[in-house]
Amino acid sequence: MVVTTRTRSPIRSNVGLKALMAVTGIILVLFLILHMLGNLKVFTGETSFDHYAHWLRDIGKPLLPGVWYLWIQRGVLTVAVIGHIVAATVLARRARAARPVPYAHCAKVQGSYAARTMRWGGVIILLFVIYHLLDLTSGNLNPVGDPRRPYANVVADFAPERWYVTLFYTLAIVAIGFHLRHGAFSAFRSLGQQTPKGERRARAAALVFAVALCAGFLVVPFAVLTGLVA
């Protein structure tokens with residue numbers, strides 16, 4: 001009698017899932033960096049910012065018709081987000097299942113704090129992405145909502161009387177910052193920074209990166225809120 005054994009797909013192994021998290025994480029971080037740099041063009045004036053926003057819709061022409069590039073980008077980002085979440089969830093469950101003895105009290109508190117931060121941060125980010133798409137992509141929730149006037153849409157969105165939008169935006173960006181700090185620190189540790197001195201460097205580098213990216217995103221709504229951009 002021949003006994004066959006089922007082998008786990010490489011992508012479903014811990015190594016494969018960590019690789020999936022790394023690849024999808026890199027894709028999402030690169031998008032965030034490029035998106036932040038694009039947002040900062042609002043400081044170059046209405047004409048320049050509108051030109052940039054319309055240029056995004058024309059990427060790939062004439063090979064790609066219309067706004068196909070943006071839809072391809074959205075599809076890739078959606079797959080990356082889903083893959084990142086699934087990989088993180090499976091790895092977290094396996095880690096808990098493989099830990100029959102709980103950590104000491106101090107480590108448990110720190111782990112619980114990190115878990116709560118990532119969990120609620122993920123909920124805030126998800127709600128923000130949905131709102132952001134309805135606001136500045138489709139225009140349904142934007143006071144102007146005119147795809148031909150992206151600069152006007154941004155200014156109207158973060159106007160002083162809509163302070164609650166800026167507050168929600170800030171909470172979402174801070175949640176992204178916590179997630180980036182955790183992810184960047186884990187990535188630096190995976191690259192070999194596992195000595196006490198290396199871990200301190202990894203924490204510092206992760207913090208600087210997260211703060212810089214958050215500041216790049218938040219400077220735009222607060223510039224509009226304070227009248228610097230109008």
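What follows is a set of questions and answers on this structure.

Visitor: What kind of model is this, and how are its residues numbered?
Guide: This is a predicted model, in which local features need pLDDT of at least 70, side-chain atom pairs count only at pLDDT 80 or more, and totals for chains, interfaces and linings use all residues. Side-chain values use heavy atoms, leaving out hydrogens and water, and residues are numbered from 1 along each chain as its sequence is written.

Visitor: How many helices and strands does the protein chain have?
Guide: Helices (H or I, at least four residues) and strands (E, at least two) are DSSP runs, numbered from the N terminus. Along the sequence the pattern reads α-α-α-α-α-α-α. The count is 7 helices and 0 strands.

Visitor: What share of the residues in the protein chain is buried?
Guide: Buried means under 20% relative accessible area, exposed means over 50%, and partly exposed lies in between (1.4 Å probe, protein chains only). The protein chain has 230 residues. Buried residues make up 28%.

Visitor: Among contacts between residues at least 6 apart in sequence, what share joins residues at least 24 apart?
Guide: A contact means heavy atoms within 4.5 Å. By that cut-off, the share joining residues at least 24 apart is 68%.

Visitor: How many salt bridges are there?
Guide: Side chains of opposite charge can pair when their charged atoms come close. The rule here asks for a side-chain nitrogen of Lys or Arg within 4 Å of a carboxyl oxygen of Asp or Glu. By this rule the count is 3.

Visitor: Which residue forms a salt bridge with D157?
Guide: D157 lies in helix α5, residues 150–157. D157 has 1% relative accessibility, so D157 counts as buried. Its contacts beyond four places in sequence include Y131, D135, N142 and V165. The salt bridge, with the closest N and O atoms 2.9 Å apart, is to R162.

Visitor: How many of the residues of α5 are buried?
Guide: α5 is mostly covered. Its buried residues include P150, Y151, N153 and V155.

Visitor: Which residue forms a salt bridge with K61?
Guide: K61 has 48% relative accessibility, so K61 counts as partly exposed. The N to O distance is 3.1 Å, and the partner is D58.

Visitor: Is the peptide bond from K61 to P62 cis or trans?
Guide: Most peptide bonds are trans. P62 sits in the loop between α2 (46–58) and α3. The bond from K61 to P62 has omega near 0°, and is cis.

Visitor: Which element gives the most to the nonpolar patch?
Guide: Patches take residues with over 30% relative accessible area and no salt bridge, joining like charges within 9 Å and nonpolar side chains (Val, Leu, Ile, Met, Phe, Trp, Tyr) within 5 Å. Here V23, I27, W68, I72 and V76 form a nonpolar patch with about 450 Å² of accessible area together (Shrake-Rupley method, 1.4 Å probe; for residues, only the protein chains shown count as cover). The elements giving two or more residues are α1 (14–39) and α3 (68–97). With 3 residues, the most comes from α3.

Visitor: At what angle do the axes of α1 and α7 cross?
Guide: Axes are lines fitted to C-alpha atoms, for helices over the stretch in contact, and angles run from 0 to 180 degrees between N-to-C directions. Residues of α1 including V29, L32 and M36 meet residues of α7 including F209, L213 and F217. The axes come within 9 Å. The crossing angle is roughly 40°.

Visitor: What distance separates the C-alpha atoms of R189 and A202?
Guide: R189 lies in helix α6, residues 163–190. Beyond its neighbours within four places in sequence, R189 is in contact with Q194 and E199. R189 and A202 are 13 residues apart along the chain, and their C-alpha atoms are separated by 6.8 Å.
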